[in-house]
Amino acid sequence: MDILKAVVLGIVQGLTEWLPISSTAHLRIVPALLGWDDPGAAFTAVIQIGTLLAVLIYFSADLGRAFKGWIGSMNNRDVGTFDARLGWAILIGTVPVIICGVLFQRHIREDWRSLYIIAYSLIGMGLVLLLAEAAGSRTKNLEAITARGGLLIGLWQAIALIPGASRSGSTISGGLFYGFDRPSAARFSFLLSVPSVFAAGLKELYDERAVIFGQSLAPVLVATIVSFVVGYFTIAFLLKFLQTHSTLVFIVYRIGLGVLLLLMLYQGRLQPLAARAGLIKVVHFAPTLN
């Protein structure tokens with residue numbers, strides 16, 4: 001992988017990680033359209049560290065308070081404060097994706113990267129998000145979160161192990177079904193991403209350390225840095241956008257892209273499975289979550 005490809009993929013990752021349109025899908029589709037190899041699930045998981053860093057910086061105050069509240073609740077057994085409830089919700093909400101990631105790891109790294117799966121996931125989650133917009137009461141803000149709510153939205157996050165489903169799309173849908181207003185659903189979606197994306201990225205970084213720190217260090221580093229910069233501004237954009245707009249534009253985009261992708265597949269203009277790039281050859285558990 002050359003530096004230009006790394007920059008392009010970093011931009012794609014940064015733009016699509018936090019929007020409910022699936023970064024994993026776009027990191028499969030864009031290379032396929034440009035005639036590049038599939039960079040692989042592990043590459044996607046590693047460069048997500050860049051967009052994760054954007055969340056850590058953007059929400060550093062929220063995450064710090066949630067962590068302190070969680071630690072404090074174990075010392076004084078008081079889980080009634082908002083910070084404690086948020087900390088427990090993030091922790092408990094991470095459990096489903098870990099369990100499902102281990103159970104379905106072979107499918108995640110191989111079978112589910114088919115463009116057919118991605119196309120149907122784009123359309124399916126688009127329809128789910130449309131239903132969530134219609135059915136959600138949008139009467140709760142983030143302070144209404146509980147451990148039970150974290151678990152329920154965490155179950156939605158596990159769906160994002162299917163490429164094309166979108167981690168933010170699935171968790172924002174779960175938040176809307178839970179009754180959150182749109183900005184609160186997006187905010188909790190970002191906070192919930194931290195443990196799982198961090199764990200997945202570090203695991204892939206360790207598993208592929210020989211390749212990454214050898215011939216592939218430069219493109220991985222470039223893609224990660226670019227994804228951080230672009231991802232930071234994407235977070236700010238989405239939070240501001242959802243204060244006055246629904247997710248309809250993303251729903252239309254998802255369904256339109258999924259239909260277009262299916263047409264191109266049926267016409268033979270794209271192949272459902274692409275050759276893996278030489279960048280990262282061995283893929284273990286890589287819950288790219290988008």
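**Figure 1. The largest pocket of the predicted model.** The largest pocket of this predicted model holds about 220 Å³ of space. A pocket is defined on a 1 Å grid over the protein atoms alone, as an open set of points where a 1.4 Å probe fits, with protein on both sides within 12 Å along at least five of seven lines. Grid points are joined across faces, edges and corners, and the volume is the space filled by probe spheres set on the points.

**Figure 2. The lining of the largest pocket.** The lining residues, which have an atom within 4 Å of a point, are Leu63, Ala66, Phe67, Trp70, Gly87, Ile90, Leu91, Thr94, Val194 and Pro195. Two or more of the lining residues come from each of α4 (60-76), α5 (82-103) and α10 (182-207). Helices are DSSP runs (H or I, at least four residues) numbered from the N terminus. By class, the lining has 8 nonpolar residues, 2 polar and no charged; Ala, Val, Leu, Ile, Met, Phe, Trp, Tyr, Cys and Pro count as nonpolar, Asp, Glu, Lys and Arg as charged, and the others, Gly among them, as polar.

**Figure 3. The largest nonpolar core.** A nonpolar core is a set of buried Ala, Val, Leu, Ile, Met, Phe, Trp, Tyr and Cys residues joined through side-chain atoms within 4.5 Å, where buried means under 20% relative accessible area with a 1.4 Å probe, protein chains only. Among the 36 residues of this core, Phe59, Phe180, Phe188, Phe190 and Ile235 touch the most other members. Elements giving two or more residues include α3 (41-58), α7 (115-135) and α12 (217-241), while α10 provides the largest share, 8 residues.

**Figure 4. Surroundings of Ile235.** Leaving aside residues up to four places away in sequence, Ile235 touches Trp18, Ala54, Val55, Tyr58, Phe59 and Phe190; contact means heavy atoms within 4.5 Å. A second, separate core of 13 residues includes Leu115, Leu257, Leu262 and Leu270.

Figure 5. Between the C-alpha atoms of Ala218 and Arg187 lie 32 Å in space, and the two residues are 31 apart in sequence.

**Notes on the views.** Residues are numbered from 1 along each chain as its sequence is written. Local features need pLDDT of at least 70 and side-chain atom pairs count only at pLDDT 80 or more, whereas totals for chains, interfaces and linings use all residues; side-chain values use heavy atoms, with hydrogens and water left out.

How values were computed
Buried < 20%, exposed > 50% of the residue type's maximum accessible area, 1.4 Å probe, protein only.
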